[in-house]
Amino acid sequence: MSNIAGKAYAMNVITPIRPYTTWVNKFIFWIAVKIPGTLKGLITLSLIHYARWVIIGKDQFPHLDPKQPKEELNYTYMMFFSNFNGSWDQYVDSFTFAIPGGLDLFWKWNIRYSKSVPLTPFHDYIRYNQIETIHYYNAYPLAASNDVKSAKTVKSSLIKFEQDTRNVSGDNFLKLYNALLRGLQHDMGDMYPTPIVSMSAHQVERRQKWHAANLPEGGAGPTGGTAPKEAHGHSAKKGK
Amino acid sequence: MSSNISGNAYALTILSPIKDGFTQDEIAYADIVRDRLQGWNAEHNSPMALVPQTYLCRYFVLDDVYLESLPGGSAIDTLVDWLPFVPDTLRRWAWPKEDHLKSRYLVFSCNFHGGPKADLDGYLRGMWNAIGDRIKEIWGYCHGFDQVDNADKFIDYMKKCQLTATLFFVGSNDDPLEEQLKALYLKQEFAKFAIDNQGLDAATVKTNFQAFVDRVRPSELDGPTWKAGAYRVDELVELKKNKG
């Protein structure tokens with residue numbers, strides 16, 4: 001199980017909808033797609049990398065082989081996938097506090113949806129319908145969503161500054177440099193791993209430590225032979 | 001398929017039915033898939049780090065559908081659950097029915113840079129070319145995958161398993177992954193530079209800045225950058241990008 005990859009958490013929630021009310025949810029999502037202003041509330045939740053809702057009709061589960069039994073379901077299902085920073089509680093609560101109305105609209109008439117306020121039944125609902133991720137990959141485990149966004153600003157500002165100051169010398173350069181720093185003060189910042197960067201990283205770390213302590217140099221590799229041999233020496237490396 | 005796309009980002013949702021069978025050791029195929037995915041967690045990095053343009057992705061096995069059994073907040077639920085004068089037949093009729101899936105599904109949910117043309121084929125081809133063997137390892141027990149032995153067949157297969165997103169929200173940005181990684185590298189390095197050069201005189205800062213630019217090469221994606229999927233500070237920087 002690995003719901004966490006670096007600073008990102010993967011949430012999967014599946015909830016049933018009565019087939020004859022599914023059009024309501026589809027209509028609400030359609031409005032959200034057509035009028036992006038309706039997603040303003042979601043945008044304020046800057047901890048989200050990417051999120052999506054997928055509505056699967058009761059007859060729409062992929063059927064690829066005559067040998068595969070056909071699903072016979074009573075309900076349509078809505079799947080929600082989110083990639084966010086922070087803990088489960090922080091995320092779920094921030095939804096409740098920031099966009100309770102929007103949340104209730106998206107889950108409108110999902111069966112037994114408790115509404116986003118009060119918190120405890122909402123937590124129970126999400127927890128009950130949540131499915132654990134087995135493998136989660138993140139291309140930038142050390143970065144939060146806000147880091148990715150601010151990095152873009154840093155990059156473009158840096159390139160522009162470098163071009164603009166090629167022929168500027170002395171105190172003028174320093175003035176412009178200080179102005180650059182002032183302009184970027186909300187976007188700067190070092191990125192480091194969180195204490196447990198990912199469950200997989202944690203497992204690798206544990207295994208490497210065990211091997212370093214228990215096996216002689218050049219001894220047998222771990223089961224499956226997937227860990228790199230330089231594992232013993234990684235702590236000696238010092239990167240920039 | 002337009003709701004799978006937001007700007008240049010693409011939301012790929014795949015549900016692949018797993019065969020309902022057992023190995024000779026009486027292990028369900030779905031459990032083998034689960035076990036292999038679990039094995040990926042113990043590798044030095046995810047095989048998905050090799051797949052170009054992948055921002056974030058996940059795998060899990062959908063064993064069944066779920067239904068929260070406590071009373072909910074909808075008008076119908078509240079009425080039929082709590083009003084004693086509602087006839088019993090109506091109460092029973094309104095209770096949620098119990099659903100169960102007949103197959104288990106391998107779920108692959110991925111966010112990637114599809115570009116202005118939302119190039120799903122290109123992404124899947126890149127995935128097959130980068131980790132074809134690892135794909136077979138995971139999808140090998142799924143219905144309809146037996147015939148898949150090249151990139152074109154893999155693309156066709158995945159499209160048969162694809163579900164359309166109803167709403168895709170991008171809270172981050174949709175730049176190509178190389179751009180994002182380079183930007184993160186620059187953000188990290190420039191923060192260090194700013195700290196190291198505090199209080200220095202103008203000429204020194206300018207000289208140091210020029211040396212900094214020569215080292216980090218801000219506009220060159222082929223220059224130093226972050227490695228995709230690196231989770232340790234001492235493994236983060238890639239001085240020269242791997243080709244192919």
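Modeller: Happy to. Let's start with A:Pro118, which sits in the loop between helix H4 (100–106) and H5 of chain A. Helices here are DSSP runs of H or I with at least four residues, strands are runs of E with at least two, and both are numbered from the N terminus. Please keep in mind that this is a predicted model, where local features need pLDDT of at least 70, side-chain atom pairs count only at pLDDT 80 or more, and totals for chains, interfaces and linings use all residues. Residues are numbered from 1 along each chain as its sequence is written, chains are lettered from A and ligands numbered from 1 in the order in which they are written, and side-chain values use heavy atoms, without hydrogens and water.

The peptide bond that joins A:Val117 to A:Pro118 is cis, with omega about 0°. Most peptide bonds are trans.

Next comes helix H5 (residues 119–129) of chain A, whose axis comes within 11 Å of that of helix H3 (residues 88–98) of chain A, with a crossing at roughly 125°. The axes are lines fitted to C-alpha atoms over the stretch in contact, and angles run from 0 to 180 degrees between N-to-C directions. H3(A) and H5(A) are therefore oblique to each other, given that under 35 degrees is roughly parallel, over 145 roughly antiparallel, 65 to 115 roughly perpendicular and the rest oblique. The crossing of H3(A) past H5(A) is right-handed, meaning the near helix is turned clockwise from the far one by less than a right angle.

Which residues meet there? From H3(A) come A:Trp88, A:Asp89, A:Val92, A:Asp93, A:Thr96 and A:Phe97, and facing them in H5(A) are A:Leu119, A:Phe122, A:His123, A:Ile126 and A:Arg127. Contact means heavy atoms within 4.5 Å. Sorted by class, H3(A) and H5(A) bring six nonpolar, two polar and three charged residues to this contact. Ala, Val, Leu, Ile, Met, Phe, Trp, Tyr, Cys and Pro count as nonpolar, Asp, Glu, Lys and Arg as charged, and the others, Gly among them, as polar.

For another loop residue, turn to chain B: B:Arg217, in the loop between H7 and E7, has a positive phi of about 45° although it is not a glycine. In that loop, B:Gly223 has B:Arg217 among its contacts, along with B:Lys182, B:Glu238 and B:Leu239, leaving aside neighbours within four places in sequence.
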